[in-house]
Amino acid sequence: MRIVQDSREQAPYAFNAPKYAGVTVEVGTLQTGDYSLHGLTDRIALERKSLSDLCGTLTAGRERFKRECERGRGLEYFGLVIESSMDDVRRHNYRSAMTPQSLLQTLAAWSVRYGLHVHWCGSREGGEYMVHSLLEKFLKEQQTRLAALVRAHGDGTEGGEAA
């Protein structure tokens, strides 16, 4: 699997554990998100956030992230991978004046408004695992769709019949 990592990603995942065998990471410029798949950057994007980064994104960086969510709306899958738990938010285990209620309600609203899939991953390691899993599942789904199209259209001739 060829993962594209945005060149602006501040804390990139290495994907070098044995469970990520066969993964190649290519650094490039993504229009949306921090991670995608080679050849499918116009279909899937995943944004990675630590909890402190998320707080900054939802306060000082709010308008920029809203624009990113608007771009993500046009993708088949746009996900937010949070390297923390919802319990950390509930307990206000972060440095920000943003209340837990406000943070969680913003994410709920944006999930509905922008089709943003929010994944609470508990930790950085969990975030890396989730990014890999989501990209792997998306790629397999695309391969399954392509195989079905090939079967439906036979050998590529009109009507699926050989000439």
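The legends below describe several close-up views of a predicted model. Local features are described where pLDDT is at least 70 and side-chain atom pairs where pLDDT is 80 or more, whereas totals for chains, interfaces and linings use all residues. Residues are numbered from 1 along each chain as its sequence is written, and side-chain values use heavy atoms, with hydrogens and water left out.

View 1. Helices (H or I, at least four residues) and strands (E, at least two) are DSSP runs, numbered from the N terminus. Read from the N terminus, the elements follow the order β-β-β-β-α-α-β-α-α-β-α, and the C-alpha trace spans about 70 × 35 × 25 Å along its principal axes. Of the 163 residues, 40% count as buried, where buried means under 20% relative accessible area, exposed over 50%, and partly exposed in between (1.4 Å probe, protein chains only).

**View 2. The region that UniProt annotates as "domain: ERCC4", residues 2–86.** The annotation comes from an unreviewed entry; UniProt positions are given in the numbering used here, feature names are shortened, and annotations may be inferred rather than shown by experiment.

View 3. Leu80 in strand 5 is the bridge partner of Glu47.

**View 4. Ala45 in strand 4.** Ala45 counts as buried because its relative accessibility is 0%. Between Ala45 and Ser85 there are 40 residues of separation in sequence and 21 Å in space, C-alpha to C-alpha.

**View 5. The largest pocket, with about 280 Å³ of space.** On a 1 Å grid over the protein atoms alone, a pocket is an open set of points where a 1.4 Å probe fits, with protein on both sides within 12 Å along at least five of seven lines, and lining residues have an atom within 4 Å of a point. Of the 17 lining residues, Asp6, Asp34, Glu47, Arg64 and Glu68 are the closest to the centre of the pocket. Strand 4 and helix 2 (62–73) are the elements that give two or more residues to the lining, and helix 2 supplies the largest share, four residues. By class the lining holds one nonpolar, four polar and 12 charged residues.

**View 6. Cysteines in a structure with zero disulfides.** A disulfide is a pair of cysteine sulfur atoms within 2.5 Å. Cys69 is too far from another cysteine for a bond, because the closest cysteine sulfur, in Cys55, is 15 Å from its own. Cys121 is likewise in no disulfide, the nearest cysteine sulfur, again that of Cys55, being 16 Å away. Cys69 counts as buried at 0% relative accessibility, and Cys121 is buried with a relative accessible area of 15%.

How values were computed. Pairing = 2+ DSSP bridges. Points joined across faces, edges and corners; volume = space filled by probe spheres on them. Nonpolar A, V, L, I, M, F, W, Y, C, P; charged D, E, K, R; others polar.
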